[in-house]
Amino acid sequence: IEQLRRDEGEALHAHEDHLGHVTIGVGRLIDKRRGGGISREEAAYLLNNDIARIDQTLRARLPWFAALDEVRQCALVNMAFQLGTEGIMRFPKMLAAVRDGHYYDAEQHGLDSKWAREQTPARARRVMRQLATGEW
(Lines give C-alpha, C1' and ligand atoms only; values in the text may rest on other atoms or scores of the structure.)
Protein backbone atom coordinates (compact mmCIF):
# COMPACT_ATOMS: atom_id res chain seq x y z
CA ILE A 1 0.00 0.00 0.00
CA GLU A 2 2.72 2.48 0.92
CA GLN A 3 4.66 1.64 -2.25
CA LEU A 4 1.59 2.24 -4.43
CA ARG A 5 0.79 5.47 -2.59
CA ARG A 6 4.35 6.63 -3.21
CA ASP A 7 4.42 5.65 -6.87
CA GLU A 8 0.85 6.48 -7.88
CA GLY A 9 0.23 9.39 -5.54
CA GLU A 10 -3.02 9.84 -3.68
CA ALA A 11 -5.67 12.37 -4.66
CA LEU A 12 -8.91 12.72 -2.76
CA HIS A 13 -10.59 14.26 -5.79
CA ALA A 14 -10.80 13.42 -9.48
CA HIS A 15 -7.77 14.61 -11.40
CA GLU A 16 -5.85 13.87 -14.58
CA ASP A 17 -2.76 11.74 -14.12
CA HIS A 18 0.49 12.33 -16.02
CA LEU A 19 -1.05 10.62 -19.10
CA GLY A 20 -4.21 12.71 -18.99
CA HIS A 21 -6.43 9.91 -17.63
CA VAL A 22 -8.97 10.81 -14.96
CA THR A 23 -8.14 9.04 -11.71
CA ILE A 24 -9.08 9.27 -8.05
CA GLY A 25 -7.64 7.94 -4.82
CA VAL A 26 -4.47 5.92 -5.35
CA GLY A 27 -4.28 5.69 -9.12
CA ARG A 28 -7.85 4.43 -9.56
CA LEU A 29 -8.80 4.93 -13.19
CA ILE A 30 -12.31 6.35 -13.47
CA ASP A 31 -11.96 7.75 -16.98
CA LYS A 32 -14.75 6.15 -19.00
CA ARG A 33 -12.80 6.79 -22.21
CA ARG A 34 -10.17 4.38 -20.93
CA GLY A 35 -12.54 1.75 -19.51
CA GLY A 36 -12.43 3.08 -15.97
CA GLY A 37 -15.21 3.47 -13.46
CA ILE A 38 -16.43 2.13 -10.15
CA SER A 39 -18.61 -0.83 -9.24
CA ARG A 40 -22.18 -0.57 -7.95
CA GLU A 41 -20.86 -1.70 -4.55
CA GLU A 42 -18.32 1.12 -4.53
CA ALA A 43 -21.02 3.62 -5.55
CA ALA A 44 -23.24 2.32 -2.72
CA TYR A 45 -20.34 2.66 -0.25
CA LEU A 46 -19.74 6.27 -1.29
CA LEU A 47 -23.47 7.05 -1.18
CA ASN A 48 -23.85 5.59 2.31
CA ASN A 49 -20.87 7.64 3.51
CA ASP A 50 -22.34 10.79 1.96
CA ILE A 51 -25.76 10.18 3.55
CA ALA A 52 -24.17 9.57 6.96
CA ARG A 53 -22.08 12.75 6.67
CA ILE A 54 -25.10 14.84 5.67
CA ASP A 55 -27.25 13.32 8.41
CA GLN A 56 -24.58 14.05 11.01
CA THR A 57 -24.19 17.63 9.80
CA LEU A 58 -27.95 18.26 9.81
CA ARG A 59 -28.20 16.86 13.34
CA ALA A 60 -25.45 19.23 14.45
CA ARG A 61 -26.80 22.30 12.63
CA LEU A 62 -30.51 21.71 13.27
CA PRO A 63 -31.04 20.34 16.80
CA TRP A 64 -34.70 19.56 16.05
CA PHE A 65 -33.81 17.42 13.00
CA ALA A 66 -33.50 14.24 15.11
CA ALA A 67 -37.11 14.60 16.29
CA LEU A 68 -38.49 14.52 12.73
CA ASP A 69 -39.96 11.31 11.35
CA GLU A 70 -37.77 9.33 8.95
CA VAL A 71 -39.65 10.45 5.84
CA ARG A 72 -39.11 14.14 6.58
CA GLN A 73 -35.50 13.57 7.62
CA CYS A 74 -34.94 11.86 4.27
CA ALA A 75 -36.51 14.80 2.43
CA LEU A 76 -34.05 17.21 4.04
CA VAL A 77 -31.14 14.83 3.41
CA ASN A 78 -32.18 14.62 -0.25
CA MET A 79 -32.26 18.39 -0.50
CA ALA A 80 -28.89 18.73 1.25
CA PHE A 81 -27.41 16.03 -0.98
CA GLN A 82 -28.16 18.20 -3.99
CA LEU A 83 -27.61 21.69 -2.58
CA GLY A 84 -25.15 20.97 0.23
CA THR A 85 -25.91 21.53 3.88
CA GLU A 86 -24.92 25.18 3.50
CA GLY A 87 -27.33 25.36 0.57
CA ILE A 88 -30.37 24.34 2.57
CA MET A 89 -29.40 26.79 5.31
CA ARG A 90 -30.33 29.45 2.72
CA PHE A 91 -33.97 28.35 3.22
CA PRO A 92 -34.54 29.84 6.69
CA LYS A 93 -38.32 30.23 6.33
CA MET A 94 -38.70 26.64 5.15
CA LEU A 95 -36.51 25.33 7.95
CA ALA A 96 -38.36 27.37 10.58
CA ALA A 97 -41.68 26.00 9.31
CA VAL A 98 -40.36 22.43 9.48
CA ARG A 99 -39.03 23.05 13.00
CA ASP A 100 -42.44 24.33 14.05
CA GLY A 101 -44.31 21.45 12.43
CA HIS A 102 -45.90 23.63 9.74
CA TYR A 103 -45.07 21.24 6.92
CA TYR A 104 -47.39 22.64 4.25
CA ASP A 105 -45.96 26.12 4.85
CA ALA A 106 -42.49 24.59 4.58
CA GLU A 107 -43.47 23.11 1.23
CA GLN A 108 -44.57 26.51 -0.07
CA HIS A 109 -41.38 28.18 1.14
CA GLY A 110 -39.27 25.47 -0.48
CA LEU A 111 -41.14 25.80 -3.77
CA ASP A 112 -40.66 29.58 -3.72
CA SER A 113 -37.03 29.29 -4.80
CA LYS A 114 -34.74 29.24 -7.80
CA TRP A 115 -34.08 25.59 -6.96
CA ALA A 116 -37.75 24.75 -7.51
CA ARG A 117 -38.43 27.14 -10.38
CA GLU A 118 -35.28 26.73 -12.49
CA GLN A 119 -32.77 24.17 -11.27
CA THR A 120 -34.63 20.89 -10.70
CA PRO A 121 -38.36 21.62 -10.53
CA ALA A 122 -39.59 18.00 -10.65
CA ARG A 123 -37.21 16.94 -7.89
CA ALA A 124 -38.08 19.98 -5.79
CA ARG A 125 -41.80 19.25 -6.11
CA ARG A 126 -41.27 15.58 -5.09
CA VAL A 127 -39.07 16.45 -2.11
CA MET A 128 -41.33 19.26 -0.90
CA ARG A 129 -44.43 17.04 -1.25
CA GLN A 130 -42.65 14.38 0.85
CA LEU A 131 -41.80 17.02 3.44
CA ALA A 132 -45.37 18.32 3.50
CA THR A 133 -47.19 14.99 3.70
CA GLY A 134 -44.70 12.79 5.55
CA GLU A 135 -45.31 10.13 2.89
CA TRP A 136 -42.86 8.47 0.54
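Student: In the hairpin of β1 and β2, which residue takes a positive phi?

Tutor: That residue is G20, with a phi near 85 degrees, and the hairpin has five residues between its strands. Before we continue, please note that this is a predicted model, in which local features need pLDDT of at least 70, side-chain atom pairs count only at pLDDT 80 or more, and totals for chains, interfaces and linings use all residues. Residues are numbered from 1 along each chain as its sequence is written, and side-chain values use heavy atoms, with hydrogens and water left out.

Student: In what order do the strands form the sheet?

Tutor: Strands (E, at least two residues) and helices (H or I, at least four) are DSSP runs, numbered from the N terminus. Two strands pair if DSSP finds at least two bridges between them. Here three strands form an open, antiparallel sheet in the order β1-β2-β3. Because β1 (11-16) and β3 (28-29) stand at the edges with a single partner strand each, one side of each is left without a neighbour in the sheet.

Student: Over how many bridges do β1 and β2 pair?

Tutor: They pair over three bridges, in the antiparallel sense, and E16 stands opposite V22 in β2. Strand β2 (residues 22-25) pairs with β3 over two bridges, where I24 stands opposite R28.

Student: Is H21 buried or exposed?

Tutor: Buried means under 20% relative accessible area, exposed means over 50%, and partly exposed lies in between (1.4 Å probe, protein chains only). H21, in the loop between β1 and β2, has 18% and is therefore buried. Contact means heavy atoms within 4.5 Å. Leaving aside neighbours within four places in sequence, H21 is in contact with H15, E16, L29, D31 and R34. Now consider D100, in the loop between α5 and α6 (103-111): at 44% relative accessibility, D100 counts as partly exposed.

Student: Which residues have the most contacts inside the largest nonpolar core?

Tutor: In soluble globular proteins, nonpolar side chains tend to be buried together. A nonpolar core is a set of buried Ala, Val, Leu, Ile, Met, Phe, Trp, Tyr and Cys residues joined through side-chain atoms within 4.5 Å. The largest one here has 25 residues, and those with the most contacts inside it are L58, L76, M79, M94 and L131. Helices α2, α3 (70-83), α5, α7 and α8 (121-133) each supply at least two residues of this core, and α3 gives the most, with five. Not counting residues up to four places away in sequence, L58 touches F65, L76, V77, A80, T85, I88 and M89.

Student: What volume does the largest pocket have?

Tutor: On a 1 Å grid over the protein atoms alone, a pocket is an open set of points where a 1.4 Å probe fits, with protein on both sides within 12 Å along at least five of seven lines; its lining residues have an atom within 4 Å of a point. Grid points are joined across faces, edges and corners, and a volume is the space filled by probe spheres set on the points. The largest pocket has a volume of about 300 Å³. Its lining includes E10, H13, R28 and Y45, while β1, β2 and α2 (40-61) each supply at least two lining residues.

Student: Which residues lie nearest the centre of the second largest pocket?

Tutor: They are R90, F91, H109, D112 and S113, out of 13 lining residues. This second largest pocket has a volume of about 210 Å³.
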